Amino acid sequence: MKQGKQTVVELLGHQGRYLVVDPDGSVRCGKPASVQQSQFLLELHRSGKWTLQLLDSKKYLESDGEDVFCVSRSPSPYQKWLPQLAMHVHIVLYNPTHQCYARADADLDRVWVDTPVPYLEECGFVLRFRNGMYHLETSSHKFVSRAEKLAKKPSAQTAFNLNLKPKCLAFLSDQDGCVLYPQDKRGRLCLGDNPKEKEEWFVIKRCPQWVSLKTKAKRYVSIICDMEVYAGSDKVTPKSVFHYEFDPDTSTVQLKTVNNHYLAQVRTSSLSWHRAALHESGTNFRALWHYGRIFLQAFNGRYLGTMPVGLVVANAMHPGPGEAFGVRLANRSFLVLRGRYGYVGSSACHDVLQCNLLDPDCIELLPCKPGIYHFQAHGRSFWSLSSDGTFRTWGKFALNFCLEIQGSNILAVLAPNGYYMRGDRSGTLLADSEEVTSECLWEF
């Protein structure tokens with residue numbers, strides 16, 4: 001919220017409780033008796049740190065390393081807080097001034113802010129937090145650097161301060177106060193000290209889930225003829241990529257094109273794309289997963305399939321091989337998985353993969369059959385699966401993993417032994433669940 005030019009905030013936890021200051025200066029989580037207990041004046045510093053001053057008493061929120069309290073009106077170093085984003089680290093960066101997303105160019109080793117719709121894999125970044133600084137990793141695993149070109153490894157040259165304010169608005173700056181912002185006509189992202197008003201600010205968003213759908217005849221569902229939907233292309237194009245949107249209230253999916261149109265059932269059975277309303281019934285499909293393939297049931301109760309000419313229709317009363325679509329993640333060559341207890345990755349303290357890490361591994365995806373992937377570690381060895389359901393990263397042979405999208409940026413992984421992969425409370429990653437439970441759901 002704003003009060004004039006000042007930023008006034010309330011801090012709300014994931015359990016719905018506010019950070020509250022009691023009259024004696026003690027700090028707790030709960031429901032405030034009045035806004036005077038929970039409203040803070042937020043001040044941003046060049047280092048990316050925050051100070052939070054209780055609006056009513058003008059006392060600063062501070063810590064001695066163990067306890068948090070709010071008793072002093074005099075500024076001190078103990079009152080500066082370094083925010084760390086709690087959101088998933090696989091992100092896209094949207095620049096409101098240019099109305100475009102950032103895109104890494106692996107050939108030229110540069111980043112451009114020039115993409116209106118982030119359906120490309122190159123629009124995804126991993127925001128890594130190390131030693132109080134942030135490193136921006138591209139989809140090709142290079143790093144944005146203070147030099148104009150991308151760096152191969154993280155270093156002091158790739159470390160930035162993240163200057164963050166509410167609504168996930170942020171900009172990256174170096175120790176000298178220079179900031180990253182789009183420059184010249186092409187929107188080249190590089191350091192400078194003279195951005196136009198608010199040009200350096202980006203909105204940090206979750207990396208969206210874009211998919212392609214492949215039929216039994218090995219053709220991709222595409223928008224290729226007027227407004228009708230056909231399965232006629234033998235390769236992925238922008239017209240065969242769809243944003244997979246999940247409605248948790250109805251447990252249905254919607255498929256949106258790059259041009260911001262929704263696929264919808266029209267007339268009796270055929271499909272079309274048009275500017276349908278978000279909650280229009282013809283745009284909602286029920287998804288059934290089967291070993292990495294998906295069956296889509298239209299609102300008339302029938303399943304999508306293809307006619308001999310390739311036209312996609314909702315005709316089948318019961319799903320069969322002709323109604324199964326192979327799903328490929330169109331904008332991901334790797335996964336970053338986060339479960340109930342943390343991120344998935346390897347640890348120097350354990351010889352099996354863990355699920356409770358702060359710094360994740362990137363799991364390289366090698367497409368196999370439609371809907372099936374091989375998991376590869378960063379060192380180019382494959383994931384291996386032991387008889388006890390644990391995983392290691394030094395396998396010599398590729399194993400088949402099936403991905404099932406279960407929500408917005410949520411998936412389940414069916415392991416080669418026929419069990420779902422889950423995160424155990426002990427921190428060990430296991431494949432031993434016969435059904436999808438909360439421990440089997442992974443943010444990606």
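Reader: Where does Asp184 lie?

Author: Asp184 is in the loop between β17 (179-183) and β18 (188-192). Helices (H or I, at least four residues) and strands (E, at least two) are DSSP runs, numbered from the N terminus. The model is a predicted one, where local features need pLDDT of at least 70 and side-chain atom pairs count only at pLDDT 80 or more, while totals for chains, interfaces and linings use all residues. Residues are numbered from 1 along each chain as its sequence is written, and side-chain values use heavy atoms, with hydrogens and water left out.

Reader: What makes you call Asp184 partly exposed?

Author: Its relative accessible area is 44%. Buried means under 20%, exposed over 50%, and partly exposed in between (1.4 Å probe, protein chains only), so Asp184 at 44% goes in the middle class. Asp184 also has a phi near 55°, a positive value in a residue other than glycine.

Reader: And Asn409, what is its phi, and is the residue buried or exposed?

Author: Asn409 isn't a glycine, yet its phi is positive, about 60°. Asn409 sits in the loop between β39 and β40 (410-414). With 9% relative accessibility, Asn409 is under the cut-off and therefore counts as buried.

Reader: How do you know which class Arg130 belongs to?

Author: Arg130 has a relative accessible area of 29%, so it is partly exposed. You'll find Arg130 in strand β13 (residues 125-130). Going from Arg130 to Ser433 takes you 303 residues along the sequence and 34 Å through space, C-alpha to C-alpha.

Reader: Why is the Trp383 and Phe401 pair called edge-to-face?

Author: Start with the search of the whole structure, which finds 9 aromatic pairs. The ring centres of Trp383 and Phe401 are 6.0 Å apart and the planes meet at 90°. Rings of Phe, Tyr and Trp (its six-membered ring) pair if their centres lie within 6.5 Å; planes under 30 degrees apart count as stacked, over 60 as edge-to-face and the rest as tilted. So 6.0 Å makes a pair of Trp383 and Phe401, and 90° makes it edge-to-face. This pair links distant parts of the chain, with Trp383 in strand β37 (residues 382-385) and Phe401 in strand β39 (residues 401-407), 18 residues apart. Both Trp383 and Phe401 are buried.

Reader: What is the pair of Phe391 and Phe401 called, then?

Author: Tilted: the centres are 6.1 Å apart and the planes 40° apart. Phe391 is buried, as is Phe401. Ring pairs join Phe375, Trp383, Phe391 and Phe401 into a cluster.

Reader: Which residues have the most contacts inside the largest nonpolar core?

Author: Leu335, Phe375 and Trp383, in a core of 44 residues. Another core lies apart from that one, with 34 residues, among them Leu61, Leu93, Val144 and Leu172. A nonpolar core is a set of buried Ala, Val, Leu, Ile, Met, Phe, Trp, Tyr and Cys residues joined through side-chain atoms within 4.5 Å.

Reader: What makes His374 count as buried?

Author: His374 has 15% relative accessibility, which is under 20%, so buried it is. It belongs to strand β36 (residues 372-376). Its side chain joins that of Asn400 in a polar contact of 3.4 Å. That term needs N or O atoms within 3.5 Å (within protein, one able to donate a hydrogen and the other to accept it; residues adjacent in sequence count only if both atoms are side-chain atoms).

Reader: How many disulfides are there?

Author: The count is 0, where a disulfide is a pair of cysteine sulfur atoms within 2.5 Å.
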